[in-house]
Amino acid sequence: MPKMKSISGAKKRFELTGTGKVKRKHAFKSHILTKKTIKQKRNLTHTGIACASDAVTIKAMLVK
């Protein structure tokens, strides 16, 4: 049986924490930033944790 390949797009976007949760970045922070407020851009800078239902799918994509 061939090796399981991880999805390269998921490798670039997600990271696992020490406890097994999935860390993610916020969307809407790449372009068209002039119309967004400073507060909005600052709050989008921080990383978040993916919800549990999505984390199952993401972990399957990150198989090593």
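This is a predicted model: local features need pLDDT of at least 70, side-chain atom pairs count only at pLDDT 80 or more; totals for chains, interfaces and linings use all residues.
Modeller: Local features need pLDDT of at least 70 and side-chain atom pairs count only at pLDDT 80 or more, while totals for chains, interfaces and linings use all residues. Residues are numbered from 1 along each chain as its sequence is written, and side-chain values use heavy atoms, leaving out hydrogens and water.

Colleague: Happy to start! Why is F28 called exposed?

Modeller: Exposed means over 50% relative accessible area, buried under 20%, and partly exposed in between (1.4 Å probe, protein chains only). F28 has a relative accessible area of 66%, so F28 is exposed.

Colleague: And what makes I32 partly exposed?

Modeller: The relative accessible area of I32 is 47%, so I32 is partly exposed. I32 lies in the loop between β2 and α2, and its phi is positive, about 55°, although I32 is not a glycine.

Colleague: What makes a set of residues a nonpolar core?

Modeller: The members are buried Ala, Val, Leu, Ile, Met, Phe, Trp, Tyr and Cys residues joined through side-chain atoms within 4.5 Å. The largest such core here has six residues: A10, V22, A50, A55, I58 and L62.

Colleague: Why are β1 and β3 called edges of the sheet?

Modeller: Strands are DSSP runs (E, at least two residues), numbered from the N terminus, and two of them pair if DSSP finds at least two bridges between them. The open sheet runs β1-β2-β3, with antiparallel pairing. β1 (15-16) and β3 (48-49) each have a single partner strand, so one side of each is left without a neighbour in the sheet.

Colleague: How do you know that β2 and β3 pair?

Modeller: Strand β2 (residues 22-24) and β3 share two bridges; K23 has I49 in β3 as its bridge partner.

Terms used. Helices (H or I, at least four residues) and strands (E, at least two) are DSSP runs, numbered from the N terminus.
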